[in-house]
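Subject: Model handover and findings

Hello,

My notes follow below it.

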Amino acid sequence: MNTTTNNNPDLVVDPQQPPNVFPQLQTQPQPQQQPRRPRGFAATAAATAGSGKPKKEREKEKERTKLRERHRRAITSRMLAGLRQYGNFPLPARADMNDVLAALAREAGWTVEADGTTYRQSLPPSQMAAFPVRSVESPLSTSTLKNCSVKSSLDSQPPVLRIDENLSPASLDSVVMAASNTRGEKYASVSPINSVECLEADQLIQDCRPGDHENDFCSTPYVPVYVTLATGFINNFCQLVDAEGVRRELNNLKSLNVDGVVVDCWWGIVEAWSPQKYIWSGYRELFNIMCEFKLKLQVVMAFHEYVANDTGDVLISLPQWVLEIGKDNQDIFFTDREGRRNTECLSWGIDKERVLKGRTGIEVYFDFMRSFRTEFNDLFTEGLISAVEVGLGASGELKYPSFSERNGWRYPGIGEFQCYDRYLQCSLQKGAKLRGHAFWGRGPDNAGHYNSRPHETGFFCERGDYDSYYGRFFLHWYSQTLIDHADNVLSLATLAFEDTKIIVKIPAIYWWYKTASHAAELTGGYHNPTNQDGYSPVFDVLKKHLVTVKLVCPGFQLPTEEDDQAFADPEGLSWQFLNSAWDRGLNLAGVNGLSCYDREGCIRVIEMAKPRNDPDRRHFSFFIYQQPSPSVQGTICFSDLDYFIKCMHGVISADLLP
C-alpha cells in the first residue's frame with residue numbers, strides 16, 4: 001500500500017482521497033465570487049430570465065433589441081451611401097468599417113494593400129526637386145526608433161532616416177524620411193513631400209478650386225429623351241381628331257432631335273363598351289403618321305382613369321362595362337376606411353376573382369395587352385415600338401390610390417390606407433389567421449385621415465403603432481399585396497410582349513421622408529420606415545422580370561416652405577431608390593412629374609440622370625419629358641426643351657440654359 005509522507009503532524013491523509021497540496025487554504029473562509037455581468041444582448045436576455053418576467057415580456061425585449069440593431073444598420077447604410085455619392089468613395093455593396101477606413105486612407109494619399117498594410121509613397125525622383133524639403137523633429141521615442149541612423153547633407157540632399165523594419169507603418173507620417181529598410185520593398189521610398197506643409201499655397205489653392213466646367217455636360221453619357229404626346233389627340237371613341245396638329249407637333253419634336261415619342265393607349269377607350277371588343281382604329285392612324293417621321297415609339301398600357309389636374313374632371317374613365325359592374329359590386333374598387341370608393345383603377349383584391357364577366361382582373365389586363373400585340377405586330381417587327389410600359393396602379397404607377405384629391409387629399413397629407421373592399425379584407429383576415437392572430441385581420445383605427453400629419457396620429461407618430469407587432473404585420477401584408485400584383489401582371493406582360501423592353505413606373509413619395517415612420521410611403525404601399533428598406537423586395541420582383549424601372553423625378557421643382565414643413569426629402573428618396581435599383585443591376589429611366597421647368601431644376605434632373613461622381617459611370621437608359629399641360633394644340637416650350645435635350649445628349653453646356 002502506498003503511503004504519503006507529510007510534514008504537518010495535524011494533517012491526517014486519507015489514502016482513499018487525493019492529497020490536498022494546499023491544506024492551509026482549507027482553514028480560511030473563501031469569499032463568494034460575484035458572477036460576471038453579461039453585456040449587450042446577453043445581458044438583456046439574462047436580466048429578463050432572472051427577473052421572472054413572463055415570456056411575452058422577454059420576447060418583446062428581444063424584438064426591441066432587434067429593432068435597435070436594424071436601426072443602427074440603416075444609419076450605417078445611409079452613411080455609406082453618402083460617402084459613395086458625395087465623397088466619390090468606390091465602396092463595395094457590402095462595405096464594412098475596414099472598407100471605409102481603407103477608402104479614407106487612400107483619399108489622404110496613403111497606399112492600402114489587400115492585407116491591410118498601410119503606408120505612404122513618395123513622388124517620382126524627377127518631381128522631388130520641385131518641392132522645398134525641410135527637416136522635422138520626430139516625436140517618436142528612442143525605443144521605437146532603435147537602430148535608426150540619421151544622415152543628412154545640407155548641400156546636396158534632404159535628411160534621410162533609416163527606419164527599423166519593426167516600425168509601425170502608421171508612424172511613418174510623423175517622420176521626414178526617404179527610407180529603404182532591410183526588407184526593401186514595402187517602404188522603399190517614403191518622402192516628406194506628401195506632407196501638406198511642404199506644398200506651396202498656390203498649389204493648395206489650385207487643388208481646392210472647383211472645376212471651371214462644373215455645370216458642363218459636354219462629353220457626358222448620351223441619355224435618349226422621349227416626349228409624351230398630348231392625350232387629347234385620341235377621343236373617347238378612339239378616333240384621331242387632329243391629324244395635322246399631330247404632324248405639326250411631331251415635326252417640331254423631330255427638329256429638336258428627340259429620340260422618340262410616348263403614347264398612352266387607354267383601356268377605357270379601346271375596350272370601352274363591351275368586354276373583349278377592342279377598337280384600335282384611332283391609334284392605327286396615329287402610328288402611321290409617326291412612321292412618316294421615323295421616331296421611336298413607347299406605348300403605355302394605361303389601365304387607370306385620366307383626370308385633368310386643373311379642373312379635377314374625369315376625361316377618360318375605366319371602360320363603361322366595368323363601371324356598370326361596379327354599380328352592383330362596388331368592392332371591385334379600392335376603398336378607404338370610411339367606405340369611399342376610388343374608381344381610378346381596379347382593386348388588386350380581384351386580381352384572381354372572376355367578377356368581370358367571368359374573367360379575373362389579371363386576365364382582363366392580359367387580354368388587352370395580347371390584343372395590342374396582335375393588332376400592331378408589324379410595328380413590333382419593324383422596330384418602331386421600342387418599349388411597352390405596363391400600368392400597375394393609380395396614375396399608371398405601382399402604388400395604391402392613397403392620395404386621391406377627389407376624396408379630399410391635399411399635399412402634404414399622409415393619405416389613407418386603401419384596403420377596405422371586401423376582397424382585400426378577406427385577404428387580410430386570411431393572413432392574420434395564418435400568422436396565428438385572427439384579431440389582426442383589420443385595418444388600423446388610429447391612422448388619421450387623408451390630410452393628417454404623422455404626429456397627429458397614434459399609428460404614424462414617433463414610436464407609434466406602425467412599429468408594433470401588429471403594425472409590422474399589417475404593413476408587410478399591405479406592401480406584399482402590391483408586390484404580388486406587380487408579379488402577377490408582369491408574368492403575363494412578358495408573355496404578351498416577348499423580346500420587347502417592358503417598363504414599370506415607380507412613384508416618388510418624398511414627403512414625410514425625414515420622419516421615422518415615412519407615413520406617406522406606408523399608405524402608398526411601400527414599407528419603408530427608417531429601420532427597414534421597403535424598395536428592395538419590390539426591385540427583386542422587377543429584376544426577376546427584367547423590366548426597366550422608371551422613376552418619377554421630383555428634381556424639377558425647387559424646395560418650398562411647405563416641403564420643409566412636411567419634412568420632405570426628394571433627394572434622399574431618389575438616392576435610396578437609385579442605389580437600391582442599380583445595386584440589383586436594374587435598368588433605370590426617369591420622368592418628370594411636375595410642371596416646373598426652371599434652369600436649376602433641369603440641372604438637378606440631369607445630374608440625377610447621369611451622376612458625374614459615380615465610379616461605375618451608371619446613368620439612365622432614357623428620360624421621358626412630360627408636357628406641362630395636356631392640350632391638343634401642344635404646350636411644349638421648345639426653346640427650353642431644346643437645351644434640355646442637348647444636355648441629356650451630352651453635346652452642350654448647362655451654362656447655356658436660359
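Among contacts in the chain between residues at least 6 apart in sequence, what percentage join residues at least 24 apart? The figure is 71%. Contact here means heavy atoms within 4.5 Å.

Ground rules come next. This is a predicted model, in which local features need pLDDT of at least 70, side-chain atom pairs count only at pLDDT 80 or more, and totals for chains, interfaces and linings use all residues. Residues are numbered from 1 along each chain as its sequence is written, and side-chain values use heavy atoms, with hydrogens and water left out.

**Overview and confidence**

The chain has 658 residues, and 47% of them count as buried. Buried means under 20% relative accessible area, exposed means over 50%, and partly exposed lies in between (1.4 Å probe, protein chains only). The chain holds 19 helices and 16 strands. Both are DSSP runs numbered from the N terminus: helices are H or I with at least four residues, strands are E with at least two.

The mean pLDDT of the chain is 78, and 71% of the residues reach at least 70. pLDDT is the predictor's confidence in each residue, from 0 to 100. Confidence is lowest in helix α5 (residues 201-208), with a mean of 38. Confidence is highest in strand β10 (residues 333-335), at 98. Residues 37-51 have pLDDT below 50, and the stretch has ten contacts in the model beyond near neighbours in sequence. Residues 630-635 are also below 50. That stretch has 13 such contacts.

**Helix α8**

Helix α8 spans residues 281-293. Its buried residues are Gly282, Tyr283, Leu286, Phe287, Ile289, Met290 and Phe293. They sit on the same side of α8, because they cover an arc of only 155° around the axis. The arc is that of the directions from the helix axis to the C-beta atoms. An α-helix has 3.6 residues a turn, so residues three or four places apart point the same way.

What do the buried residues of α8 pack against? The partners are α6 (243-255), β6 (260-266), α7 (267-270), β7 (296-302), α10 (361-375) and α11 (377-382). Just after α8, Lys294 has a positive phi of about 55°.

**Salt bridges**

The whole structure has 22 salt bridges. The criterion is a side-chain nitrogen of Lys or Arg within 4 Å of a carboxyl oxygen of Asp or Glu. Some of them:

- Glu292 pairs with Arg247, with the closest N and O atoms 3.2 Å apart. This links distant parts of the chain: Glu292 is in helix α8 and Arg247 in helix α6, 45 residues apart. Arg247 is partly exposed, at 26% relative accessibility.
- Arg422 pairs with Asp331, with the closest N and O atoms 3.5 Å apart. Arg422 is in helix α12 and Asp331 in the loop between α9 (320-328) and β10, 91 residues apart. Arg422 is partly exposed at 42%, whereas Asp331 is buried at 14%.
- Lys399 pairs with Glu397, with the closest N and O atoms 3.2 Å apart. Lys399 is buried at 14%, and Glu397 is buried at 9%.

Shared partners also join Glu271, Arg359, Asp367 and Arg370 into one network of salt bridges.

Strands β10 and β11 run antiparallel and are joined by three bridges. Two strands pair if DSSP finds at least two bridges between them. Thr335 stands opposite Arg341 in β11. The hairpin has five residues between the strands, and Gly339 takes a positive phi near 90° there.

Asn342 lies in β11 (residues 341-346). Is Asn342 buried or exposed? Asn342 is buried, at a relative accessible area of 2%. Its side chain reaches the backbone nitrogen of Glu344 at 2.9 Å. Leaving aside neighbours within four places in sequence, Asn342 contacts Phe333, Phe334, Pro401, Ser404, Arg406, Asn407 and Gln418.

**Leu428**

Leu428 belongs to helix α12 (residues 422-435). Leu428 counts as buried because its relative accessibility is 0%. Not counting residues up to four places away in sequence, Leu428 touches Trp440, Gly441, Arg442, Gly443, Phe473, Phe474 and Trp477. The C-alpha atoms of Leu428 and Ala438 are 9.5 Å apart, at a separation of ten residues along the chain.

Best regards

Note on methods. A polar contact is a pair of N or O atoms within 3.5 Å; within protein, one must be able to donate a hydrogen and the other to accept it, and residues adjacent in sequence count only if both atoms are side-chain atoms.
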